[in-house]
Amino acid sequence: MKRPSLKLSTLAPHAALLPMAVTAIVAYFGAALWTLRISLTGSRTFPSGSYIGLAQYQRLFDNERWMLSLHNLAVYGLLFIIACVTIGFLLAVFIDQRVRGEGLLRTIFLYPYAMSFVATGLVWQWLLTPGDGIDGAVRALGLGGLSGFSFDWIVRQDLAIYTVVIATVWQASGLVMALMLAGLRGIDPDIWKAARLDGIPAWRVYTRIVLPMLWPTVATVLLLLSTAVVKLYDAVVAMTQGGPGTASEVPTKFIMDHLFLRSNVGLASAAAVVLLVPVLALLAPYAYARSRKEAA
Amino acid sequence: MLGGVRRDPGAAAIGAATVGRAAALLAAALAFAPAAQAAPRAEVIHWWTSGGESAAVKQVALAYRSLGGAWVDTAIAGGDQSRAVTLNRIIGGKPPTAAQFNTSKQFLDIIDEDMLEDVDDIARRDGWDRTLPQPIIDVIKVRGHWYAAPMNIHMQTWLWYSKPAFAKAGIAHEPRSVDELFAALDKLKAAGLVPLAHGGQAWQESILFTLMLSNLGGRDLYLRVVRDRDPAAIRSPALRRVLLAYKRLHRYVDPAAPGRNWNDATAMVIQGRAGMQVMGDWAKGEFTAAGQLPERDYGCVPGLSPASPYLVQGDVFVFPRTADPAVRHAQRMMARVVADPAVQLAFNRLKGSIPVRPDVDLKRLDACARKGMAIVQDRARPLGVMEIYLTPDQNGALQDVLTSYWNTDMPVERAQASIASALRY
């Protein structure tokens, strides 16, 4: 009588996971394969079956805006991740000092994350508009009069992409703080006691002992931030619309523009496939690390 | 402006008049209609959501309802969004009865897929071949059939200027050539004003280029570059001159321009902070909403020479193919409403555009619209905006180059090479 119940207990979780698995296979793999197929056709408004080989990819890498978008994504991604992790970790350490009003501070730091990227983008667009916002406030205070203060990054060709970094870091570092803080709270208090007995300064405990122990949390944070980088779209649309000119264009905006606005499904699909490559490159080491961990 | 329909007694009066006239004019049409079991139901997708726009489309809805039809309004904010919904619903097999597109190649692919009904009967009845400007015919007539009912004619490159600003800068008369335009801009700059109100978005930069290409380059160069995509014309010294003049306008723009919306730029002219703006005639609605009158508070210049091209764009309704005779009946009724002179007049008065037919009461249009009506009667002057000749894709690629050239210190030769490469596909 034991056997069937054992079988049922192993089957039930699989049965419960089945809908999710089907959704993932059909919706994600299916859509990815479909996109790959369309990227090899000459589709315009509608998906068509006229294969033209790799012509769309050739055209894509001949496109100045696409190349600029990739470059912007690399610059943005690097700065965004470094800034988020640094600020998020420092905020977490700061709150971990058992400061008064911790609950309030935590809420304040995490609050930006509750806002959509569009709202964040619009707010920062107003703050950064030359003549208004920060620029105007500093001048109104009379601080900028002598030194000729101006904060016009959002309309500068070479600096506009950094304003997107500022706005999105403001939004996302609170989440990093929350995750890091959870990690810090999971550290055994005995380690701290031992370190104190040995007279090790707190900053060294953080960098040499606590941070390595937090590695799983850091990996999660990096994965979350990396996907946010690749997905970057709404903040750019709300803040700069890719401008001035094409200075802050990003790949997802290229894809969306060509998918709908410019009725070139083929080229948009090729761009989407190219964008899938860094995602896989990010995901592969993570999956590898996990599989090793499971094997161990 | 979004959402809030202005309660305007004038509009209501026009509405009532429209209904009356439309009912009288179209009573005959109704007589031939099959004894309708239910009211012909038209679901119409459009993106006319701002105050003036929704007041305008309401005139069409009122006229449709006055014929006994049921109008289901599917307004979707934003042209891109709206067109994406229409295309998705056509592909998905649940198309709307009628849908708005710009007068352009946006719907050419749907025609090629044989997914639109024609409106040949109304085109023949109203003699569209004779009355419509050629650029509109070029996009709605494909292989001998008419696939869209035009609602209006917009002109993209009007020069709007503030009368007080011109007076302050000591500009005696409206600019009548490109040289006079730059002279006026210099005077405005000297008077301490923002000479050119500009919204730094790719499509608005493309309007400035269109102004220069059509007025300085002329009709032939315009067609060789935009319609024929002729590499020799693109690399010619003539286009080089056009590009340099376009870039020269950048000196007259304020530093906060990038990303600005067009109506915020118009507001600068309305307030007299800026001298002029180049924008389509939808800008007129902003002046009207601010209580300003043409020729009193602001001026409108249709071109920079006596025979300047009139850059036509506008909106049309298309009718997705259907097997249901009831839907087909609703579509025909809708097409007749759109073409009706009274509806044309009521709609375009509120929209800022001009009617697509010449036989409307000119006295009921404002001064700027009357100028436009007079120009389009000369069949040599209308010229399509770039979207009429280019696919959305080519047009987008061209805009990418133009906005890069405007915003960076890209050399003019490189801009020419990039345009040639953008228009190669």
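Which helix of chain A has an axis that comes within 6 Å of the axis of helix α3 (residues 64-95) of chain A, and at roughly what angle do the two cross? The points below take up this matter and then turn to the rest of the structure, which is a predicted model.

1. The partner is helix α8 (residues 160-185) of chain A, whose axis comes within 6 Å of that of α3(A) and crosses at roughly 40 degrees. Angles under 35 degrees would count as roughly parallel and those from 65 to 115 as roughly perpendicular, so α3(A) is oblique to α8(A). The crossing of α3(A) with α8(A) is right-handed. As for the residues of this contact, 22 are nonpolar, four are polar and none is charged.

2. Chain A holds 14 helices and zero strands, and its pattern along the sequence is accordingly written α-α-α-α-α-α-α-α-α-α-α-α-α-α. The radius of gyration of chain A is 24 Å, whereas a compact globule of 296 residues would have one near 19 Å. Taken along the principal axes, the box filled by the C-alpha atoms of chain A is roughly 85 × 75 × 30 Å. Of the 296 residues in chain A, 31% are buried.

3. Two loops of chain A deserve a remark. Met115(A) sits in the loop between α4 (102-110) and α5 (117-128) of chain A. With 14 other C-beta atoms within 10 Å, Met115(A) is partly exposed, because a residue needs 20 or more such neighbours to be buried and 12 or fewer to be exposed. From Met115(A) to Ile200(A) the separation is 85 residues in sequence and 40 Å in space, C-alpha to C-alpha. The other loop, between α12 (234-239) and α13 (251-261) of chain A, contains Pro244(A). The peptide bond from Gly243(A) to Pro244(A) is cis, with omega near 0 degrees. For context, most peptide bonds are trans.

4. Chain B has both kinds of element, with 20 helices and 14 strands. Its radius of gyration is 22 Å, which agrees with the value near 22 Å for a compact globule of 425 residues. The C-alpha trace of chain B spans about 70 × 50 × 35 Å along its principal axes. Buried residues account for 52% of the 425 residues in chain B.

5. One open sheet of chain B has five strands in the order β2-β1-β3-β13-β6, and its pairing is mixed. The edges are formed by β2 (70-75) and β6 (148-150) of chain B; each has a single partner strand, so one side of each lacks a neighbour in the sheet. On average, neighbouring strands of this sheet are turned by 25 degrees against each other, direction ignored. Strand β1 (residues 41-46) of chain B runs parallel to β2(B), and six bridges join the two. Opposite His46(B) stands Ala75(B) in β2(B).

6. An open sheet of three strands in chain B has the order β7-β12-β14, again with mixed pairing. Here β7 (154-155) and β14 (382-384) of chain B are the edge strands, each with a single partner, so one side of each is left without a neighbour in the sheet. Two bridges pair β7(B) with strand β12 (residues 310-313) of chain B in the antiparallel sense. His154(B) has Gln313(B) as its bridge partner in β12(B).

7. Is strand β8 (residues 158-162) of chain B mostly covered or mostly open, and how many of its five residues are buried? The strand is mostly covered, with five of its five residues buried. In a regular strand the side chains alternate between the two faces of the sheet. Trp158(B), Trp160(B) and Ser162(B) lie on one side of β8(B), Leu159(B) and Tyr161(B) on the other, and all are buried. Strand β10 (residues 274-279) of chain B runs antiparallel to β8(B) and is joined to it by four bridges, with Val278(B) as the bridge partner of Leu159(B). Strand β11 (residues 298-301) of chain B also pairs with β8(B) in the antiparallel sense, over four bridges; there Tyr298(B) is the bridge partner of Ser162(B).

8. Two residues of chain B call for a check of backbone geometry. Most residues other than glycine have a negative phi. Asp114(B), however, has a positive phi near 60 degrees, and Arg143(B) has a positive phi of about 50 degrees. Asp114(B) is placed in the loop between α4 (108-112) and α5 (120-126) of chain B, and Arg143(B) in the loop between β4 (141-142) and β5 (145-146) of chain B. Asp114(B) is exposed, with 7 other C-beta atoms within 10 Å, and Arg143(B), with 7 C-beta neighbours inside 10 Å, counts as exposed.

Technical notes
Residues are numbered from 1 along each chain as its sequence is written. Chains are lettered from A and ligands numbered from 1 in the order in which they are written. This is a predicted model: local features need pLDDT of at least 70, side-chain atom pairs count only at pLDDT 80 or more; totals for chains, interfaces and linings use all residues. Axes are lines fitted to C-alpha atoms, for helices over the stretch in contact, and angles run from 0 to 180 degrees between N-to-C directions. Angles under 35 degrees count as roughly parallel, over 145 as roughly antiparallel, 65 to 115 as roughly perpendicular and the rest as oblique. A crossing is left-handed if the near helix is turned anticlockwise from the far one by less than a right angle, and right-handed if clockwise. Ala, Val, Leu, Ile, Met, Phe, Trp, Tyr, Cys and Pro count as nonpolar, Asp, Glu, Lys and Arg as charged, and the others, Gly among them, as polar. Two strands pair if DSSP finds at least two bridges between them. The radius of gyration is taken over C-alpha atoms; the globule rule is 2.2 Å times the number of residues to the power 0.38.
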